[in-house]
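Open the structure in your viewer and keep the sequence panel beside it. The tour goes from the whole chain to one residue and then to the parts to treat with caution.

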Amino acid sequence: PSALTWGLRALGRHPAQDWVADAMIAADYESREQGLLDGSGAGMAKFVNDEYGGDSGGPSIHAVNNGSVSYDDVRSIAGTTPILIGGHNWGGPSQGHWVGVRRYDPDQGLILANPGGTGPVYGQQVLDRQAFNARGPWSMVVLQADGAVPIPVPPVPVPVDPKDVRIAELEAQ
């Protein structure tokens, strides 16, 4: 539920991570012992559509899943909306892990929002094509919001030449 919580927050909703986990367990989409029960992401998408698809007090969020995606499938929409991807063998055979995808960088690969932190097994923050292929097969859930306002990117400060400041002060006098 950590990757899903990230995706919902990226679209203007602010659920508590514990609430998402408890609600997904109560709906039989997840268990504390096994994690997400359907590796295709279908249950996660249904949960999002049920909980956030209507008039629920904030941006309406819709989810679609694809149970089998390639690196190029993910890359083609990365950065346009929050994407959640699940590597079915991320931690070894049949040891899946879900992460958010922030964007694609041509020099690095998929830039992740990874709840695994920086640990040695689940902690990657970037996936290139080779790392992606080593952890597959992959599933994807795409989140889209109606009426969500994206978080503005802060402007890059322009360096100011001290001479220009002094000239502006003299002209103002």
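## The whole chain

Start with the surface display: the accessible surface of the protein comes to about 9800 Å², and carbon and sulfur atoms hold 53% of that area. What you have on screen is a predicted model. Of the 173 residues in the protein, 38% are buried.

Switch to the cartoon display. The protein has six helices and eight strands. Reading from the N terminus, the order of elements is α-α-β-β-α-β-α-β-β-β-β-α-β-α. Among contacts in the protein with a separation of 6 or more, 56% are between residues 24 or more positions apart.

Select residues 97–105, which form strand E5. To find one place where the two strands face each other, pick Ile85, which stands opposite Val99 in E5.

Pick Tyr104 and look across to E6, where its bridge partner is Leu110. The link from E5 to E6 is a hairpin of three residues.

## His97

Go back to E5 and select His97, which lies in this strand. Is His97 buried or exposed? With a relative accessible area of 13%, His97 counts as buried, because the cut-off for that class is under 20%.

Show side chains next. Which side chain makes a polar contact with the side chain of His97? The partner is Asn114, at 2.9 Å.

Finish by colouring the model by pLDDT. The mean for the protein is 83, and 83% of its residues reach 70 or more. Select residues 151–160, where pLDDT is below 50; this stretch has one contact in the model beyond near neighbours in sequence. Then move to residues 162–168, where pLDDT also stays under 50. For residues 162–168 the model has one contact beyond four places in sequence.

Terms used: Residues numbered from 1 in each chain as written. Predicted model: local features only at pLDDT ≥ 70, side-chain atom pairs only at ≥ 80, totals over all residues. Heavy atoms only, no water. Helix = DSSP H or I, 4+ residues; strand = E, 2+ residues; numbered from the N terminus. Buried < 20%, exposed > 50% of the residue type's maximum accessible area, 1.4 Å probe, protein only. Polar contact = N/O pair within 3.5 Å; in protein donor to acceptor, adjacent residues only side chain to side chain. Pairing = 2+ DSSP bridges. Contact = heavy atoms within 4.5 Å. Areas by Shrake-Rupley, 256 points an atom, 1.4 Å probe, with all protein chains shown as cover. pLDDT = per-residue confidence, 0-100.
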